Amino acid sequence: FVSCTATNPIWFVKTRLQLNHHTNQTGALECIRRVYQQSGIMGFYKGIVASYFGISETVVHFVIYEAIKAWLITNRARMPSPDNNSKTSRDFVEFMVAGALSKTVASCIAYPHEVVRTRLREEGNKYTGFWQTTNTIWKEEGHRGLYRGLATQLVRQIPNTAIMMATYEAVVYMLTNQFEHAANNNSSSIQNTQFYSDSKNKRELA
């Protein structure tokens, strides 16, 4: 919620510039000035409710991703392997597939908020609120209207999410190994120090 609230004005200006190609607005500063003159500060928060609903997409995505990941790990644990903690290229390909699949499902479920948010950010339109916009689109365009542009969204999101999740898992794996290696070295160093200290004490007592 904090992130959506803080960044909504930026996304609003970006969307308004993309939509108002027929006007004389040529830059972000001109767009900001125009919006502020017409609607004040609150003008930059049109579509904020739709953005809040969009948080559900992230929640659904990670819930499904973690479920698929847990299933993959369970199946991999049943297979004979010299080291179940090691990762191969196959693991990261599976993470990419899990990320792509979970994002596809999440996007299909939550996509209508994208359409509603974009409509609310149009200049001088008939849309006034989240539910009013949703009902208007449903009545005038049917369910297809709420999913307009979904294919393009999936083309952008699926490869992006697949790469992002595989990269995330790779970074976590490398950092975990590095910290475990450092911890083992520290433990060995402490044990060696204790061993030499005990040996010295025994020699002194002798």
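This text walks through the fold of one chain, from its overall make-up to single residues.

The model is predicted, so local features are described only at pLDDT of at least 70, side-chain atom pairs count only at pLDDT 80 or more, and totals for chains, interfaces and linings use all residues. Residues are numbered from 1 along each chain as its sequence is written, and side-chain values use heavy atoms, with hydrogens and water left out.

Start with the whole chain. It has eight helices and zero strands. Read from the N terminus, the order is α-α-α-α-α-α-α-α. Helices here are DSSP runs of H or I with at least four residues, strands are runs of E with at least two, and both are numbered from the N terminus. The chain has 206 residues, and 31% of them count as buried. Buried means under 20% relative accessible area, exposed means over 50%, and partly exposed lies in between, with a 1.4 Å probe and protein chains only. The chain exposes about 13,600 Å². Carbon and sulfur atoms supply 62% of that area. Accessible areas come from the Shrake-Rupley method with a 1.4 Å probe, and for residues only the protein chains shown count as cover.

Contacts also say something about the chain. Among those with a separation of 6 or more, 69% join residues 24 or more positions apart. A contact means heavy atoms within 4.5 Å.

Now the helix pairs. Axes are lines fitted to C-alpha atoms, for helices over the stretch in contact, and angles run from 0 to 180 degrees between N-to-C directions. Angles under 35 degrees count as roughly parallel, over 145 as roughly antiparallel, 65 to 115 as roughly perpendicular, and the rest as oblique. On the α1 side, the contact uses Phe12, Val13, Arg16 and Leu17. On the α2 side are Ala28, Cys31, Ile32 and Val35. By class, this contact has seven nonpolar residues, no polar ones and one charged residue. Ala, Val, Leu, Ile, Met, Phe, Trp, Tyr, Cys and Pro count as nonpolar, Asp, Glu, Lys and Arg as charged, and the others, Gly among them, as polar.

Next come helix α3 (residues 48-78) and helix α5 (residues 112-120). Their packing angle is about 160°, with axes 9 Å apart. The two are therefore roughly antiparallel. The contact joins Ala50, Ser51, Phe53, Gly54 and Glu57 of α3 to His113, Glu114, Val116 and Arg117 of α5. It holds three nonpolar, three polar and three charged residues.

Helix α5 also packs against helix α6 (residues 130-141). Here the angle is about 105° and the axes are 10 Å apart. So α5 and α6 are roughly perpendicular. From α5 come Val115, Val116, Arg119 and Leu120. From α6 come Phe130, Thr133, Thr134, Ile137 and Glu141. Five of these residues are nonpolar, two polar and two charged.

Pro9 lies in helix α1. Leaving aside neighbours within four places in sequence, Pro9 is in contact with Phe44 and Tyr45. Its C-alpha atom is 9.8 Å from that of Gly47, which is 38 residues apart along the chain.

Arg121 sits in the loop between α5 and α6. At 3% relative accessibility, Arg121 counts as buried. Setting aside neighbours within four places in sequence, Arg121 touches Asn8, Trp11, Phe12, Thr15, Arg16, Leu19, Lys46 and Ser51. Phe12 and Arg16 also belong to the α1 contact with α2, and Ser51 to the α3 contact with α5. Arg121 and Lys14 are 107 residues apart in sequence, yet 9.8 Å apart in space, C-alpha to C-alpha.

Ser107 is part of helix α4 (residues 89-110). Its relative accessible area is 1%, so Ser107 is buried. Not counting residues up to four places away in sequence, Ser107 touches Glu57, Leu150 and Leu154.

Met164 is in helix α8 (residues 150-205). With a relative accessible area of 43%, Met164 is partly exposed. Met164 and Ala100 are 64 residues apart in sequence, and their C-alpha atoms are 9.8 Å apart.
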